[in-house]
Structures are given as structure tokens and as C-alpha cells.
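Dear colleague,

I am handing over the structure we spoke about, and it is shown just below. After it I set out what was found, beginning with a term that the rest relies on.

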Amino acid sequence: MRRGSVNERVPEGWKNELLDKITNRASGHTPSKSIPAYWDGGIKWVSLADSSRLDKLFINETCKAISEDGIKNSSAVLLPKGTVILSRDAGVGKSAILQDDMAISQHFIAWDCSSKKNIYNIFLYYWLQSKKPLFETQAVGSTIKTIGLPFFKKLKITYPQFFEQQKIAHILTTWDAAIVCTQRLLENSKQQKKALMQQLLIGNQHTVSSVTTWKSYKFSELFTTLCNANNPRADLSENGEYGYIHYGDIHKLTTDFLDCNQLSISKISKNKLTKIELLKEGDLLVADASEDYQGIGKSVEIKNLRGRHIVAGLHTILLRDNKKFLLDGFKGYIQHIPHVSKGLQKAATGISVFGISKRALLDVDVLLPPLDEQKAIAKILTAADALIAQYEVKLAHLQQQKKALMQQLLTGKIRVMPDTL
């Protein structure tokens with residue numbers, strides 16, 4: 001690779017032309033839903049229902065299918081395999097390459113690169129991916145934002161010779177393959193941790209001895225509830241002296257521990273606090289509100305405070321271990337004990353947003369192993385968490401590297417020459 005001039009508007013050897021000039025653009029349509037013969041005929045049809053299948057380079061399956069009669073009796077067209085499509089409505093800017101002959105709905109725009117041989121379809125896919133911010137600014141509308149067809153008639157692309165497009169595409173697909181592989185490893189690690197918790201936290205698998213006596217407690221026997229700040233979000237400020245943890249911050253966490261070294265915490269000024277109860281190492285912070293039952297009682301154990309002044313904020317319940325029946329490092333997993341999760345959901349109330357009161361929380365039953373068993377369980381699950389964190393860091397790095405590569409390669413700031421093929 002060699003670097004091109006940063007100031008070049010169009011890199012040497014590249015062209016800037018209307019996309020319509022070098023590809024065949026097409027749009028989609030929806031056959032009449034009132035005529036059954038137009039549907040379920042085996043022709044894959046990409047619609048908004050397939051939004052989750054986009055942005056993964058290729059799309060090979062669709063939620064719905066239409067028939068040949070549906071094609072003949074509507075404005076829908078059968079697009080050839082390899083056509084690049086882009087969502088211009090909901091999920092604006094999402095794209096994919098058809099891995100089979102397919103039709104699309106009117107919510108998409110498509111470019112067939114096969115006949116004119118100017119643009120490599122995978123290069124075009126990545127170029128469209130890099131232009132997402134532009135597409136999002138072009139979408140207009142009150143209920144559903146959409147990009148009008150006139151925009152695509154004027155859309156220009158800057159592109160190199162075909163061999164360079166292929167090489168750029170190869171580099172980016174290699175990065176994507178590494179990202180997908182890491183995502184799978186991450187998901188497998190999460191599933192393995194889940195399986196471990198299902199065995200360890202119900203006493204099916206013992207870590208210390210073949211027989212372990214678990215004892216039943218109520219939250220009120222394990223914890224003391226402490227005051228939280230309960231100040232509105234409007235009181236937060238970037239210049240505040242105190243960290244402020246809102247229940248929404250807890251729901252965002254993917255771990256069972258709140259590592260204050262890594263968390264970006266909202267700030268609040270001391271003079272805005274009506275109540276002050278600083279968090280301590282090993283405190284358990286519980287979200288008392290959620291939009292679904294699964295989120296009720298989402299909790300995190302506080303660690304790595306290191307002198308930070310942090311308070312529990314709106315819709316959180318601060319619990320402090322009062323009798324040392326629980327080890328630090330194990331408290332974070334307490335929400336996964338089946339008796340606890342079921343008890344929390346049973347105690348929750350609400351319609352659109354569910355909540356749990358302090359009184360109801362303190363009345364929930366907890367089945368706990370002895371301290372030596374807790375220590376062994378925590379060691380195993382902490383190792384699982386460490387592996388998950390390792391893959392999360394690797395995934396973030398790969399995604400950032402790919403983003404930087406796209407910026408450099410798709411603008412010609414880094415050039416790919418024939419001798420590198």
C-alpha cells in the first residue's frame with residue numbers, strides 16, 4: 001500500500017461519477033396483499049421485516065416470499081444475485097448484497113453492477129456503509145423518514161480501477177470475518193457462563209464437596225437499605241464533584257459488577273444533592289424499574305471505587321451487606337439465583353413500566369451456599385467474566401480498526417497497488 005495525497009479531492013487514477021451511470025438502478029414494490037396467488041411462491045422478497053438481516057454483507061433469507069404472478073402483476077422486479085440493496089425508509093442506510101435472485105419492497109433501492117462491469121458489488125456495499133451518516137441526514141418525514149428517489153438520481157461515487165476495488169473489498173471482508181468470528185466466540189462465552197450459573201447457583205454442581213448445605217434467607221436478613229440521592233436527571237452536570245448512577249446506567253451494563261474504573265458515570269454537584277449516602281466497595285445497587293419483567297431487580301456489585309465519591313440515583317435501591325452472609329465478588333451474581341429472579345418478578349408491579357418497592361425487595365427469598373462455596377463459585381464465574389471481557393475488548397478493537405480502514409481505503413488516502421495483489 002502507499003499513501004495518496006490527503007488534499008486530493010479525487011485520488012489519482014480514480015473517477016467521480018453518477019452511480020446511475022455505472023450501474024443499473026432499480027426500486028421495489030409490494031404486490032397486492034389481498035390476492036393470495038401473489039404470495040408464498042418461492043421468490044424471496046426483501047422487506048422492512050428483514051432489517052435485522054442487513055448490514056451483514058450478504059442476505060440469503062427473507063421473512064416473506066412472492067410468486068411469479070406477483071412479479072408479473074406488480075411493479076416488483078426480480079433482481080439478479082449480486083445486486084446491492086439499500087434501505088431508504090426505516091433503518092435508513094442499511095445495506096446488503098443479494099445472495100440469490102430476489103425481489104425487494106418499495107422501501108429499498110437497488111444497484112445491479114453485473115452488466116456494466118465498472119463497480120465491484122462488494123466495494124459498493126462498503127462504500128454505502130461508509131455513507132450511512134449522509135443517508136440519515138437525507139431522510140425526511142413526520143412518521144416514517146424516507147429518502148426520496150431524486151436523491152439517488154444525483155448520487156455520485158468516487159471509485160478506483162476494478163482491481164483496486166477488489167483488493168479493498170478483500171481487505172474489508174477479511175476484517176469482517178475476524179469480527180464475525182470474535183462475535184461468535186463472545187456469544188459462546190456468554191452462553192457458557194449462563195450454563196455455569198444454571199448449574200452452580202442452584203446447587204446442582206458443587207465446587208467444594210459433594211454435599212453442600214444451602215440456607216434460605218430474605219433480603220432483609222442479608223442487607224440494609226440506604227438512602228439514595230433521588231435527584232432528577234436535570235440536576236446532572238459535567239462539572240459535578242459526585243458520580244451519580246441512574247437506574248438506566250445499570251441496565252446498560254452487560255456485567256454483574258460496576259467497575260468504577262471503566263464506567264463513564266454521570267456527574268452531579270454536591271449542592272444539588274438532597275440526600276448523600278456514598279457508595280462503598282461491595283455495595284449492591286439494584287434498579288427498581290424496568291420496561292420488562294426480565295429487567296426487574298437488575299443489580300450490580302460496586303467495585304474499584306478507590307476514593308471516588310459516588311451516589312445512588314433515581315430509581316435505584318442501595319443495599320449494604322449487614323451480617324456478612326455474602327462474600328464480596330459473589331453478590332453481583334445473586335440476581336441469577338433462580339429463587340431470587342422469580343421472587344423479583346413476582347413482586348414487580350406495573351403496566352408499561354414495571355417496578356419493585358424496597359419493602360417487596362427485602363421480602364424476596366434467597367437460597368445461599370456457605371461462604372467457602374460462594375468463594376469457589378465466584379472464582380469460576382469471575383474467570384468466565386474475564387474471558388467475556390477479553391472478547392469484548394478484542395471486538396471493539398477490530399470494529400474500530402475496520403472503521404479506520406474504511407475511512408482510509410474508500411477515500412484513496414491509502415492506495416492498493418497491483419504488486420500487492
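In what follows, Ala, Val, Leu, Ile, Met, Phe, Trp, Tyr, Cys and Pro count as nonpolar, Asp, Glu, Lys and Arg count as charged, and the others, Gly among them, count as polar. Please keep in mind that this is a predicted model.

With those classes in hand, the lining of the largest pocket can be described as 15 nonpolar, 15 polar and nine charged residues. This pocket has a volume of about 1,400 Å³, and of the 39 residues that line it, Lys-193, Thr-254, Thr-255, Asp-256 and His-336 lie nearest its centre. At least two lining residues come from each of α6, β15 (257-259), α9 and α11 (371-409), with α11 giving the largest share, seven residues.

The second largest pocket holds about 540 Å³ of space, and among its 17 lining residues Asp-55, Asp-176, Ile-179, Val-180 and Lys-402 are the closest to its centre. Here α3, α6 and α11 each contribute at least two residues to the lining, while the largest share, seven residues, belongs to α6. By class, this lining is made up of seven nonpolar, four polar and six charged residues.

On the α3 side the contact is made by Ile-122, Phe-123 and Tyr-126, and on the α6 side by Gln-165, Ile-168, Ala-169, Leu-172, Thr-173 and Asp-176. Six of these contact residues are nonpolar, two are polar and one is charged.

Finally, the whole structure contains 16 salt bridges. One of them joins Asp-100 to Lys-44, with the closest N and O atoms 3.6 Å apart; Asp-100 sits in the loop between β8 (95-98) and β9 (103-104), Lys-44 lies in strand β4 (residues 39-46), and the pair, 56 residues apart, links distant parts of the chain.

With kind regards

Definitions and conventions
Residues numbered from 1 in each chain as written. Predicted model: local features only at pLDDT ≥ 70, side-chain atom pairs only at ≥ 80, totals over all residues. Heavy atoms only, no water. Contact = heavy atoms within 4.5 Å. Helix = DSSP H or I, 4+ residues; strand = E, 2+ residues; numbered from the N terminus. Salt bridge = Lys/Arg side-chain N within 4 Å of Asp/Glu carboxyl O. 1 Å grid on protein atoms, 1.4 Å probe; cavity = no way out; pocket = protein on both sides within 12 Å on 5 of 7 lines; lining within 4 Å. Points joined across faces, edges and corners; volume = space filled by probe spheres on them.
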